[in-house]
Amino acid sequence: MHPYSLKSSKGAPFPPRPILVFLIAIFGFYVCYISFNQITLENRSEENSGEVQAEIHCRKPHLPHEELRYVHFPKPESYSRGECSCNLVRSFVLVSMQRSGSGWFETLLNSHPNISSNGEIFNRVDRRENISSILQTLDKLYNLDWFTSAAKNECTAAFGLKWMLNQGFMDHHDDIASYLNKKGVSVIFLFRRNTLRRLISVLANDYDRDAKQLNGTHKSHVHSKEEAEILAKFKPVLDVSNLIPNIRNAEKYIRDCLDHFNTTRHMILYYEDIVRNRNALFQVQEFLGVPVRKLVSRQVKIHTSPLPGLVRNWDDVSNKLNGTQYAHFLDGADYVR
């Protein structure tokens, strides 16, 4: 027979066509299965090698031993820090009292490209109803799983919040101090030397909360001279009979706070000192371990007049404080820029 003849030979017959198709399909499925598993293993290998590589590259920073506990490599659960995964982050908390300049100070901090201060997180009661809710909130914050307009999450170098003394901070001072030390959180205390000026500001702010003098809106801070002048027109009447006890209580509150948290890494600032000496802001940046630069704020001060022009019953206030240890509050010289 011709070698190229189409006639079938008498040798072994070919398998039926359906069986042949079935075998080809099985072989194709097998090839696909093997290829898929190989791709999956390669992906996993790449992921694992990436994790190992990140761990290798995030080596211990060249810092004094005593500072190592205050630097961190957060691993957020809600996003990836990407190329900034090995950037050091310092955790901090700004501790203050209402109307002590903390709002202005925080805007100064947030003008730095490497600092994120996320406001009064604990002004919400549910976040401070007990110590467990407080610590859970802090864990989420310091892991960088916190999103506000101030958050520069991926490549931030200093991350924190503003915390008022009356927002659970003093109610659980032992547990909070222990947490701050354990987690390596640095504390910035910001208070006001002239508690009389602070009291006047508190009363004026409380009045505007109800009066809403700016087009029916309450504003604790303003960004224009016109708005500041409107709010400054209100002059509160101080309760002279309780004036000295109120000042004493405020000062004791501050002393107690500093005593409770004296084991933390901290610095103490006073509003008047920052106003008079902007070099204090350089010290803050060095404390937070960020490059020193000029910090700016758009906020406009509300009460700029001498003290006698801020209170309706100034003569009574002056007579009450003159001859006491608080007489120096009557002199506004310590506030001049």
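Which residue forms a salt bridge with Lys-162, the closest N and O atoms being 3.5 Å apart? The partner is Glu-120, and the views below start with this pair. This is a predicted model, in which local features need pLDDT of at least 70 and side-chain atom pairs count only at pLDDT 80 or more, while totals for chains, interfaces and linings use all residues. Residues are numbered from 1 along each chain as its sequence is written, and side-chain values use heavy atoms, with hydrogens and water left out.

View 1. A salt bridge here is a side-chain nitrogen of Lys or Arg within 4 Å of a carboxyl oxygen of Asp or Glu. Glu-120 sits in the loop between strand S2 (115-117) and helix H3 (131-142), 42 residues from Lys-162 in strand S3. Helices (H or I, at least four residues) and strands (E, at least two) are DSSP runs, numbered from the N terminus. Lys-162 also forms a salt bridge with Glu-106, where the closest N and O atoms are 4.0 Å apart. Because Glu-106 lies in helix H2 and Lys-162 in strand S3, this pair ties together parts 56 residues apart in sequence. Lys-162 counts as buried at a relative accessible area of 5%, and Glu-120 as partly exposed at 26% (buried is under 20%, exposed over 50%, partly exposed in between, with a 1.4 Å probe and protein chains only).

**View 2. A pair within helix H9.** Asp-273 and Arg-276 meet in a salt bridge of 2.9 Å, N to O. Being three residues apart in helix H9 (residues 271-276), they are separated by about one helical turn. Asp-273 is partly exposed, with a relative accessible area of 22%, and Arg-276 is partly exposed too, at 45%.

**View 3. The largest pocket.** About 580 Å³ of space lies in this pocket. Its lining has 31 residues, and the closest to its centre are Arg-99, Gly-101, Ser-201, Ser-220 and His-221. On a 1 Å grid over the protein atoms alone, a pocket is an open set of points with protein on both sides within 12 Å along at least five of seven lines, a cavity is a set where a 1.4 Å probe fits but cannot get out, and lining residues have an atom within 4 Å of a point. Grid points are joined across faces, edges and corners, and a volume is the space filled by probe spheres set on the points. Helix H6 gives the most to the pocket lining, with eight residues.

**View 4. The largest cavity.** The structure holds two cavities of 30 Å³ or more, and the largest has a volume of about 70 Å³. Among the residues lining this cavity are Arg-99, Ser-201, Asp-208, Lys-219 and Ser-220. H6 gives the most to the cavity lining, with four residues. Asp-208 has its place in helix H6 and counts as buried at 2% relative accessibility. The C-alpha atoms of Asp-208 and Lys-219, eleven residues apart along the chain, are separated by 7.6 Å.

**View 5. The second largest cavity.** This cavity has a volume of about 30 Å³. Its lining includes Met-97, Arg-192, Arg-198 and Ile-254. H6 and helix H8 (243-260) each supply at least two residues of that lining.
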